[in-house]
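The sequence and the structure are shown here.

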Amino acid sequence: MHRRWFSAWLLVPVIGALLASGCGSDSARGPYSTDGRTTRNVAKAEDRYQAALAALAVTPPDDRSAEALLRSALGYDLYHGEAHNNLGVLWLKQDRLYEAAEEFEWARKLLPGHPEPRVNLAIALERGGKHGEALDAARTALEVRPGNLAAIKTIAVIQIRESLTDDTTRAHLDAIVTRSNDQVWRAWAERERLKLDTAAAADR
């Protein structure tokens with residue numbers, strides 16, 4: 001079965017979101033709707049989720065329809081971790097930080113071996129001003145997936161933006177420089193690495 005993950009990072013230092021659209025005639029189901037039905041139907045939930053993934057290529061994305069599809073999936077199956085994650089990304093895009101964090105918490109618990117919900121939770125917490133908690137969330141992503149580049153990027157950005165650099169920061173920047181395929185990320189990491197080196201030399 002095809003899966004696709006979404007992360008809330010676009011470019012440093014801007015936080016954005018990637019989610020796309022869809023439509024569904026029966027989107028009002030379960031706790032994510034007004035009818036209150038709670039009958040679980042895993043097959044229908046997956047169908048709605050796959051429909052949302054198929055609609056991701058639509059340009060420009062229709063966020064309202066995307067939300068309807070993801071709500072529909074979760075109405076059929078509250079335990080669909082990927083749908084929680086992707087709905088959280090959509091809500092993060094709308095600056096609905098509390099709702100986004102709740103969805104990422106659901107996804108984190110339902111998908112214990114996946115770093116993406118943890119990275120996205122870190123981004124939501126950072127945007128809400130909870131910098132320490134954001135770093136903790138991103139570090140748990142590295143615990144479940146050592147070397148995960150999205151987690152490394154997230155930690156490095158938060159550390160530098162909030163002046164919370166430590167002994168790990170330069171290693172994270174090194175990893176971005178050597179492993180990222182994105183020139184914007186590499187250029188940013190190289191600049192910040194030079195600043196750290198310059199500051200360290202001045203302190204000697």
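The text below goes from the overall fold to the helix pairs and then to the nonpolar core.

**Overall fold**

The model is predicted. The protein chain contains 9 helices and 0 strands, and its elements, read from the N terminus, run α-α-α-α-α-α-α-α-α. The chain has 204 residues, of which 47% count as buried. Among contacts with a separation of 6 or more, 62% are between residues 24 or more positions apart.

| Helix pair | Angle | Distance between axes | Crossing |
|---|---|---|---|
| α4 and α5 | about 155° | 9 Å | left-handed |
| α6 and α7 | about 160° | 9 Å | left-handed |

Angles over 145 degrees count as roughly antiparallel. At about 155°, α4 and α5 are therefore roughly antiparallel to each other. Helix α4 covers residues 97–110 and helix α5 residues 116–127. On the α4 side, the contact is made by Leu97, Ala101, Phe104, Glu105, Ala107 and Arg108. Helix α5 contributes Pro117, Arg118, Asn120, Leu121, Ala124 and Arg127. By class, this contact of α4 with α5 has 7 nonpolar, 1 polar and 4 charged residues.

From α6, the residues in the contact are His131, Ala134, Leu135, Ala138, Arg139, Ala141 and Leu142. From α7 they are Ala151, Ile152, Thr154, Ile155, Ile158 and Gln159. The contact of α6 with α7 divides into 9 nonpolar, 3 polar and 1 charged.

**Glu143 in helix α6**

Helix α6 spans residues 131–144 and includes Glu143. Is Glu143 buried or exposed? Exposed means over 50% relative accessible area; Glu143 has 62% relative accessibility and so counts as exposed. The C-alpha atom of Glu143 is 9.4 Å from that of Gly113, although the two residues are 30 residues apart along the chain.

**The nonpolar core**

Which residues touch the most other members of the largest nonpolar core? They are Phe104, Ile176 and Trp188, in a core of 44 residues. Helix α7 (residues 149–161) supplies the largest share of this core, 8 residues.

Apart from neighbours within four places in sequence, Ile176 is in contact with Leu149, Ile152, Lys153, Ala156, Trp185, Arg186, Trp188 and Ala189. Ile152 also belongs to the contact of α6 with α7, and Phe104 to the contact of α4 with α5.

Key. Residues numbered from 1 in each chain as written. Predicted model: local features only at pLDDT ≥ 70, side-chain atom pairs only at ≥ 80, totals over all residues. Heavy atoms only, no water. Core = buried A, V, L, I, M, F, W, Y, C linked by side-chain atoms within 4.5 Å. Buried < 20%, exposed > 50% of the residue type's maximum accessible area, 1.4 Å probe, protein only. Helix = DSSP H or I, 4+ residues; strand = E, 2+ residues; numbered from the N terminus. Contact = heavy atoms within 4.5 Å. Axes fitted to C-alpha atoms, helices over the stretch in contact; angles between N-to-C directions. Left-handed = near helix turned anticlockwise from the far one by under 90°. Nonpolar A, V, L, I, M, F, W, Y, C, P; charged D, E, K, R; others polar. Parallel < 35°, antiparallel > 145°, perpendicular 65-115°, else oblique.
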